[in-house]
Amino acid sequence: MDAPPPGTNIAATIYRDLRRQILRGELPPNERLPGERELAAKYGTNRNTLREAVRKLEQARLVTVRHGQGVTVCDFRQTGTVELLSPFLQTGPEPAEVAQLLEDILPARLMVIEYATRLAVKRANDEDQKRIRDITELLIAAFERGDPKVVAHGFHRWLDALIDAGSSVAVRWIANPLLNAYRDLLDQFPTLWVLDPTFPEHLQEVLKAVEEGDENRAIEATRAYYRGVDTALLELVQRGLPPPEGQRP
């Protein structure tokens, strides 16, 4: 590994490098990491910085640390969380595994969004409705301009507003890792953002349903939209995951 440039968070750089090796299988489950002294020499740093990187690995459930037994690599497929989605995709795993991973996670994301939408219909106040309406208008204007990057990031704000309208800490906690992982995924692979022609209609349908307290209308609009978008996304992935942003020829 090359020496990081001045001002770089060395512990974070070491963490990302070791995480990459674990996710690629270069450091397989149950293997012990080299000792602190050896790793510190390899990365040209001190033990305190190295320990910080290892703590990050432990927090990500990628390793276990036991006194007197060193640092052991975990089976991240068993211990990991959805926060590993974006870095896992960046490691260049088998395309079939990527497709399977997304095929499994997209329905889970939809279930969370559906439930958040139900709560928004039941609990949104006038201020919540205005916030969703304002973001909807901005998103539709960006869509009509043909600006997918603004739409992609704005849509995350729209989802945040919808979740906030439900006034549920539990749903927020469940939704955050899924939506953050999806946001990271689109930041790394922006060509995976599917700008569906029905996007404005979806926003307007959900907004009207929230304003009118029509739960069935909101859920029907949500399911119809994501059925098409997720199918298109999986087709893109099955054709081959594009290189991450910043790594294109």
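A nonpolar core is a set of buried Ala, Val, Leu, Ile, Met, Phe, Trp, Tyr and Cys residues joined through side-chain atoms within 4.5 Å. Keep that in mind for these close-ups of a predicted model.

**View 1. The largest nonpolar core has 56 residues.** Leu 139, Phe 155, Trp 158 and Phe 199 touch the most other members. The largest share, 12 residues, comes from α6. Apart from this core sits another one, of 22 residues, with Leu 50, Ala 53, Phe 76 and Phe 88 among them.

**View 2. Here we zoom in on Trp 158 and its contacts.** Setting aside neighbours within four places in sequence, Trp 158 is in contact with Ile 132, Ile 135, Thr 136, Leu 139, His 202, Leu 203 and Val 206.

**View 3. Helix α7 has a buried face.** Among the buried residues of α7 are Ile 132, Ile 135, Leu 139 and Phe 143. Looking down the axis, the buried residues fall within an arc of 160 degrees, so they line one face of the helix. They pack against α6, α8 and α10. On the other side, Glu 127, Glu 137 and Arg 145 are among the exposed residues.

**View 4. These are the two ends of α7.** At the start, a side-chain oxygen of Asn 125 reaches to within 3.1 Å of the backbone nitrogen of Glu 127. After the helix comes Gly 146, with a positive phi near 75 degrees.

**View 5. Strands β1 (residues 63-66) and β2 (residues 70-73) form an antiparallel pair.** They pair over 4 bridges, and Val 65 stands opposite Val 71 in β2. The hairpin has 3 residues between the strands, and Gly 68 takes a positive phi near 85 degrees.

Notes
Residues numbered from 1 in each chain as written. Predicted model: local features only at pLDDT ≥ 70, side-chain atom pairs only at ≥ 80, totals over all residues. Heavy atoms only, no water. Pairing = 2+ DSSP bridges. Buried < 20%, exposed > 50% of the residue type's maximum accessible area, 1.4 Å probe, protein only. Contact = heavy atoms within 4.5 Å. Arc of directions from axis to C-beta. Polar contact = N/O pair within 3.5 Å; in protein donor to acceptor, adjacent residues only side chain to side chain.
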